[in-house]
Every structure is written in structure tokens, then in C-alpha cells.
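I opened this one to see how the pieces sit together. Below are my notes, in the order I looked things up.

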Amino acid sequence: MKNNSATTGENAATSLAISIIDLTKKYGESFALKSVSLDVQAGEFLTLLGPSGSGKTTLLMAIAGFNRPNAGSIRFGSNEMILTPPHRREVGMVFQNYALFPHMSVFENVAFPLKLRKVPSQERRSRAMAALETVQLSQYAERQIDQLSGGQRQRVALARAFVFRPRILLMDEPLSALDKKLREQMQIELKQLHRQLGVTTVYVTHDQREALTMSDRIAVINHGEITQIGTPKQIYNAPVNEFVADFIGESSVLPLDCDSAGNLVFSDQIISMPAPNQSQGAWSLLIRPERLTLVKSESGVPADSLLFHGVISEFVFQGDTALALLQLQGNYSLSIRFNTKSTESIEHIEIGQRISLSLNKKDIILIPRVD
Ligand code: ADP
Ligand code: MG
């Protein structure tokens, strides 16, 4: 261990790759980003996830230096970047539409950033070829861009983005133009590549499954504000509100009342949990469809469970799972996802049938109630 304090300080600072503080960007009178704060750790794969128009591209472009925020700070390590032009930020970028140079070969495209940085031609060749090797395209080096498939073009774009060893890799919906199968394959490849390169990555998508698949952490963004940041598991298992819950995965929401003992209750059933007392206001129960279990006999239900009784109003077989809707008393309904494994014995379920479902209390998620 070095005990030089300057070195120690620098090491501490470099573990935080990007630090965004109170970043605001307005277009005319409307806010594209509202006081956004976000830290990205060195080597992390962080995804900005949100609906169209939520501010994802604006935030990514601000990090890259292609737009000028109205207020706030963007630091790389401990260096303020807000006034640094894009080409001095050492950031690699990949876009949805590839943005490759159509008149150059695959090799020339990938070597281009090195040429810009005046890397000598021999080193340029070996580094560009190594990058093409990494994305498994070395045998296509001399091809023209229009002779490549969509997936291959995106690999070229990727190689071009990391060939100059940027300190940060930014990707804006890079897989959206690809069909589903290829997209899913590329998600795994990108993840492997990230593991191999270890480069700090900020990735933009509106696809929740893609975000869950790829990310170390996800920042959910809506109307220019970050709603929640966490690991895929944290975001899925403990969404902070209905927007996040709806945007990531499927869910049912049941409004809860508070009884005189301070328990939260749903219809006549005590959820048997004291209401979260620090916060005022009403609560809803959020239920993930796959957490519900079909009750075969009530004596077999674990003590620590909630029970829901109702009538099946919809039942759809979807291959690996089946989706059903349970109509509860009082005009409420629950979505349920059954595993179609034969052991689940759901083959007798049909519309109109009266069934009961249990939910382990560990799977209870409480969110603020919106009426
Ligand atoms: P996303 O990438 O999440 O779809 P954007 O960052 O592109 O969202 O846009 C955020 C908001 O800012 C949207 O309301 C969009 O219309 C607006 N916006 C983006 N770019 C511009 C621009 N150049 N001029 C005016 N408004 C813009
Ligand atoms: Mg966008």
C-alpha cells in the first residue's frame, strides 16, 4: 500500500467514475431534466430506463458534452466537465442508428477514432484489429458497411466506440433496431463485453427486460426526474411507486385501509401489518403476478400468507407461463402468472371458476396510494 496521501485521494476519487449533481436542462420553458443527481461507479454498468420523452437521451448527451445544461455539475472522477468539449471527454458512444461511415470499410470505421488521436499507423492497425477480434468481426475487416447485417453493424459501432480506450462508454438504445432474437443475443454479448473491458458504461433503453438483463444498477427516469435507482432486484422487488412498478414487470395494485388497531386491511382481510408509521398517507398493496400461488387445500397454506378468493375472469396459455385474471369482491382484480410445469396442476383452471390464491407475506410490497 502506498501511503502517499495524494495517491490515496486520487484512488478514492477514481472509484466514482461519473458524478452528476443537480443537473437541469430546459428546452424553451419545458424541463427535459429537472435537478438530476446520479453517481456512477468505476466499471459499473448503469442503465437509464424510462418511457419515450423522459429525458434519457438528453442526460446521455449532457454526459458526452453534446448539449449544455442550464445548471448543475458533471464530474468525471474529481474533474468538472461541464465546460469541456466532447472530444476532450474521452467518451465512446454507440447510437441506435449505428452512425457508421458508409464510404469506409469496417476496418477504416474502427480505426477512425485512432486516426483522429494521431495513433501511428502500425499501432492503429493492431488495435483496430484487436477490437474487431473482440466483437468477432476480424474476418469482415475489408467489407463495406452496406455488406453487413444490422447486428454486425452494431458490433462495428461498438468496436469503434471502445477502440480508443475511452474512460466511459455511452450507449443510446443501441439494440432497438434489431429484431427480438438478435437483440436478446446481443444483450448477452454486450454484457460479456462489458465484463471483459471493465469500462464504465451508461446505457439507455426503454425496454425493462433489457434493463433487468444487462445492468448492475438501473436508474428509472420519468418526466426528467430520477424516480428510483437500484439493482435490478431492488427495483423489481421494492418499487417505490406505481410508476416504477408498472414500468418494470407486471403488477396488481389493491388499495388498503387502516383499521382502528393501525393494521392495514384489504376488504375484510387484515394484512396484519402495522402501517408504516413514519410516513403519513394511505397505502396500496402491490402484488407481482408470479408470487401468487394457487391454493389446493386451505390447510396446506403456510401461516404466513394472505388469501384471496375470487372468480377467474380470464385465462391465457402463453407457453412457459399462463396469465389469469382473478375477479375479487368489490370490483378489484389480481393478475396471476402460473408456471405451466405439470406439477402446478393448472390444467383444470377455466373461466368462471372460483379459486383461492395465497401470497407469502414476505412478498408484500407497499407503495403510496394514489386515488
Ligand atoms: P428520451 O430519450 O427519454 O426519449 P429526450 O431526452 O430525447 O427523451 O427528450 C426529453 C424531452 O426533451 C422531450 O420532451 C423532448 O421533446 C424534449 N427535447 C429533446 N430534445 C429537444 C430539442 N433539441 N429541442 C426541444 N425539445 C427537445
Ligand atoms: Mg432517446
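This is a predicted model: local features need pLDDT of at least 70, side-chain atom pairs count only at pLDDT 80 or more; totals for chains, interfaces and linings use all residues.

**Helices over the sheet**

I began with helix α5 (residues 150-162), which lies across β6 and β7 and runs at about 170 degrees to β6. For the record, helices (H or I, at least four residues) and strands (E, at least two) are DSSP runs numbered from the N terminus. Axes are lines fitted to C-alpha atoms, for helices over the stretch in contact, and angles run from 0 to 180 degrees between N-to-C directions. Contact is heavy atoms within 4.5 Å.

Residues are numbered from 1 along each chain as its sequence is written, chains are lettered from A and ligands numbered from 1 in the order in which they are written, and side-chain values use heavy atoms, with hydrogens and water left out.

I then checked helix α2 (residues 56-64). It lies across β3 (45-49), β6, β7, β8 (200-205) and β9 (217-222), at about 155 degrees to β7.

**The sheet itself**

What is the order of the strands in the open sheet? I read β6-β7-β8-β3-β9-β10, six strands with mixed pairing; two strands pair if DSSP finds at least two bridges between them. β6 (91-95) and β10 (225-230) are the edges with a single partner strand each, so one side of each has no neighbour in the sheet. The twist averages 15 degrees from one strand to the next.

I zoomed in on β6. It pairs with β7 (residues 168-172) in the parallel sense, over five bridges. Met93 stands opposite Leu170, and Val94 opposite Met171. Four of the five residues of β6 are buried (buried is under 20% relative accessible area, exposed over 50%, partly exposed in between, with a 1.4 Å probe and protein chains only).

**Helix α4**

α4 (residues 121-134) has 14 residues and spans 20 Å from first C-alpha to last, close to the 20 Å expected, that being 1.5 Å times one less than the number of residues. Which residues of α4 are buried? I found Arg127, Ala128, Ala131 and Leu132. They cover an arc of only 140 degrees around the axis, so they share one side of α4; the arc is that of the directions from the helix axis to the C-beta atoms. On the other side, Gln122 and Glu133 are exposed. The buried residues pack against α3 (106-116) and α5. Just past α4, I noted a positive phi of about 60 degrees at Gln136.

**Aromatic pairs**

I searched the whole structure and got six aromatic pairs. Rings of Phe, Tyr and Trp (its six-membered ring) pair if their centres lie within 6.5 Å; planes under 30 degrees apart are stacked, over 60 edge-to-face, the rest tilted. One of the pairs is Phe243 with Phe247, stacked at 5.5 Å centre to centre and 20 degrees between the planes. They are four residues apart in helix α9 (residues 242-247), so about one helical turn separates them. Phe243 is partly exposed at 24% relative accessibility, while Phe247 is buried at 18%.

Phe266 and Phe308 make a tilted pair, 6.2 Å centre to centre with 55 degrees between the planes. Phe266 is in β13 (residues 263-266) and Phe308 in β17 (residues 305-317), so the pair ties together parts 42 residues apart in sequence. Phe266 is buried at 4% and Phe308 at 2%. With Tyr332, they form one aromatic cluster.
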